[in-house]
Amino acid sequence: MIQFTAHSQGRGSFEDNLLPSLVYICPIVLDHEGQAMHAHAGHAELLLVREGIGVVRIEGRQEDLFPGDFVLCGAGEPHSFRAKGERPAAVVSCGFANLTCRGLKENCFVGSNDRCIVHAGEGSRPLDEILYVLESVVDNPQTNQEELCSYLSASAVTVALKIHRAAAKQAEQTHYQLGIRTQMYLDRHYLENLTLDSIAQAMEVSKYHLDRVFLATTGCTPVQYITRRRLAHAQTLLASTQQTVQHIAEQCGYTNYNYFTSLFRRNVGITPREYRKIAQGNMPRRNN
């Protein structure tokens with residue numbers, strides 16, 4: 001037996017502890033045509049994939065969904081769902097009204113800046129188990145059916161939001177790790193002939209995803225980071241050697257001397273020759 005001790009209740013999932021109302025719960029089998037784009041004005045919808053592979057369109061993008069993945073659609077949010085390919089997809093759709101998630105407008109599961117698609121896989125099993133119980137209560141009317149549906153709906157939403165938060169945290173950690181891994185890769189290879197495509201291929205992600213994640217992690221794009229590292233290396237060589245500026249430019253990955261000089265001046269504020277004189281103590285630095 002697992003012992004559980006209830007502690008004092010803190011801030012719950014819902015404003016003023018008002019529980020949501022179940023509008024419907026409906027298992028659906030969809031084919032490749034699926035649903036047309038639609039929205040629900042008066043309630044939010046939770047859609048969970050049980051079998052097969054589906055494709056959801058929401059928030060202007062399209063994503064594949066696998067068993068255990070689910071979508072949290074706020075009221076008025078246009079969306080559609082269909083099976084991918086010829087094999088059907090089994091889903092369960094739940095509508096909730098009077099949904100007052102803490103800090104959000106009515107009938108919304110998540111904020112406008114949060115992802116509404118949750119790739120949970122096996123992690124959504126507790127949610128699916130609650131939904132199976134909720135289906136059973138709806139299919140077998142009882143004297144306290146409405147009360148049971150309200151409590152089970154609140155449980156389903158609470159568990160879905162918990163899974164959503166865990167998935168968001170995991171995604172954030174994964175993005176951070178990708179950003180740091182890319183930064184380490186660039187630190188080793190920045191003098192080579194790199195492109196965004198080749199970097200993305202090395203990281204095994206799309207270049208668009210890599211660009212966004214790296215920018216969020218470091219504050220600059222991979223291409224900008226390469227430029228900064230190359231110019232920093234050029235500054236070191238200018239300050240510590242007597243190599244020609246042309247030779248230093250080539251060592252830093254720039255075969256075009258004029259382009260290197262222009263890039264250096266744009267980023268450092270002075271030309272490579274002026275930088276060398278200042279760094280080697282042969283010229284006072286100009287005051288801006």
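**Sheet, helices and pockets in a predicted model**

Let me start with helix α1, residues 125-139, which lies across β1, β2, β5 (70-73) and β7 and runs at about 105° to β2. The angle is taken between N-to-C directions, on a scale from 0 to 180 degrees, with axes as lines fitted to C-alpha atoms, for helices over the stretch in contact. Contact means heavy atoms within 4.5 Å. Helices (H or I, at least four residues) and strands (E, at least two) are DSSP runs, numbered from the N terminus.

Some notes on the source. This is a predicted model, in which local features need pLDDT of at least 70 and side-chain atom pairs count only at pLDDT 80 or more, while totals for chains, interfaces and linings use all residues. Residues are numbered from 1 along each chain as its sequence is written, and side-chain values use heavy atoms, with hydrogens and water left out.

Now the sheet. In what order do the five strands run? The order is β1-β7-β2-β5-β8, in an open sheet with antiparallel pairing. The edge strands, β1 (21-30) and β8, each pair on one side only. Two strands count as paired if DSSP finds at least two bridges between them. Strands of a sheet pair through backbone hydrogen bonds, either parallel or antiparallel. Between β2 (residues 44-51) and β7 (residues 89-97) there are seven bridges, in the antiparallel sense. Leu46 stands opposite Cys94 in β7.

Thr182 is found in α2. Is Thr182 buried or exposed? Thr182 counts as buried because its relative accessibility is 0%; buried means under 20% relative accessible area, exposed over 50%, and partly exposed in between (1.4 Å probe, protein chains only). Leaving out residues up to four places away in sequence, Thr182 touches Ile199, Met203, Leu210 and Phe214. Met203 is 21 residues from Thr182 along the chain, and their C-alpha atoms are separated by 6.9 Å.

Next, the pockets. On a 1 Å grid over the protein atoms alone, a pocket is an open set of points with protein on both sides within 12 Å along at least five of seven lines, whereas a cavity is a set where a 1.4 Å probe fits but cannot get out; lining residues have an atom within 4 Å of a point. Grid points are joined across faces, edges and corners, and a volume is the space filled by probe spheres set on the points.

The largest pocket has a volume of about 550 Å³. Its lining has 20 residues, and Asp114, Arg115, His164, Arg165 and Ala168 lie nearest its centre. Which element gives the largest share of that lining? That is α2, with eight residues.

The second largest pocket has a volume of about 380 Å³. Its lining residues include Arg115, His175, Tyr176 and His209. Here α2 again gives the most, six residues.

Thr227 is found in helix α5 (residues 222-240) and counts as buried because its relative accessibility is 17%. In helix α8 (residues 272-279), Pro272, Glu274, Tyr275 and Arg276 are buried. Their cover includes α5, α6 (245-251) and α7 (257-268). After α8 comes Gly281, with a positive phi near 75°.
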